Amino acid sequence: MAAPSKEKDKQTPAIALNKRARYEYFIEENLEAGMVLQGWEVKSLRAGKAQITEGYVIVKDGEAFLIGAHITPLRTVSTHIVADPTRTRKLLLNRRELDSLVGAVERKGHTIVPLELYWSKGKVKLEIGLAKGK
């Protein structure tokens, strides 16, 4: 009797990459953050219509926000929803991660840049990097 084969997790390709960030900054630390999204944004991300090259992350009042990322709405988006492609999106990080980001940004002069947008276990994740300019 053969042993049951273990299926490997298939790596899904990235939804959006920010290649420019690795060119313009030294990335010192990577973190994975969840995102608060609306329904039409999730559908657009499934279609691969996202761009994070112009985006950046700020920490304000103990919360992290993604600003400037562009998620193109599909043509079939509902008529009663006003789709804002570049709206500010809240990032989901735990308190310890937020405190370390605040410390690095305020004291050491680092910046936080989005690196990659991808799917993980059916949820959208954003890889952010603590970066220092070249």
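Good morning. Please keep in mind throughout that the model is predicted. I shall begin with the overall architecture. The protein has 134 residues, of which 34% are buried. Its secondary structure consists of three helices and nine strands. In sequence order, these elements follow the pattern β-α-β-α-β-β-β-β-β-α-β-β. Among contacts with a separation of 6 or more, 69% are between residues 24 or more positions apart. The accessible surface is about 9,000 Å², and carbon and sulfur atoms account for 51% of that area.

Leaving aside residues up to four places away in sequence, Leu45 is in contact with Ile15, Leu37, Ala50, Ile71, Leu117, Trp119 and Val124. As for pairs between aromatic rings, a search of the whole structure finds zero.

Is Gly34 buried or exposed? Gly34 has a relative accessible area of 9%, and because the limit for a buried residue is under 20%, Gly34 counts as buried. Its contacts, again without residues up to four places away in sequence, are Lys90, Leu91, Leu92, Val124 and Lys125. Gly34 and Leu91 stand 57 residues apart in sequence, yet their C-alpha atoms are 5.7 Å apart in space.

I come now to the charged side chains. As a general point, side chains of opposite charge can pair when their charged atoms come close. This structure holds five salt bridges, and I shall discuss some of them.

In one of them, the side chains of Arg20 and Glu24 meet at 3.4 Å, N to O. Both residues lie in helix H1, residues 19-24, and are four residues apart, about one turn of the helix. Arg20 is partly exposed, with a relative accessible area of 35%, and Glu24 is also partly exposed, at 35%.

Arg20 has a further partner in Glu54, with the closest N and O atoms 3.4 Å apart. Glu54 sits in the loop between strand E3 (50-51) and strand E4 (56-60), whereas Arg20 is in helix H1, so this pair ties together parts that are 34 residues apart in sequence. Glu54 is partly exposed, at 49% relative accessibility.

Another salt bridge links Arg87 to Glu41, and here the closest N and O atoms are 2.8 Å apart. Arg87 is found in the loop between strand E6 (70-71) and strand E7 (89-92), and Glu41 is in helix H2; the pair therefore ties together parts that are 46 residues apart in sequence. Arg87 and Glu41 are both buried.

Thank you for your attention.

Terms used: Residues are numbered from 1 along each chain as its sequence is written. This is a predicted model: local features need pLDDT of at least 70, side-chain atom pairs count only at pLDDT 80 or more; totals for chains, interfaces and linings use all residues. Side-chain values use heavy atoms; hydrogens and water are left out. Buried means under 20% relative accessible area, exposed over 50%, partly exposed in between (1.4 Å probe, protein chains only). Contact means heavy atoms within 4.5 Å. A salt bridge is a side-chain nitrogen of Lys or Arg within 4 Å of a carboxyl oxygen of Asp or Glu. Helices (H or I, at least four residues) and strands (E, at least two) are DSSP runs, numbered from the N terminus. Rings of Phe, Tyr and Trp (its six-membered ring) pair if their centres lie within 6.5 Å; planes under 30 degrees apart count as stacked, over 60 as edge-to-face and the rest as tilted. Accessible areas come from the Shrake-Rupley method with a 1.4 Å probe; for residues, only the protein chains shown count as cover.
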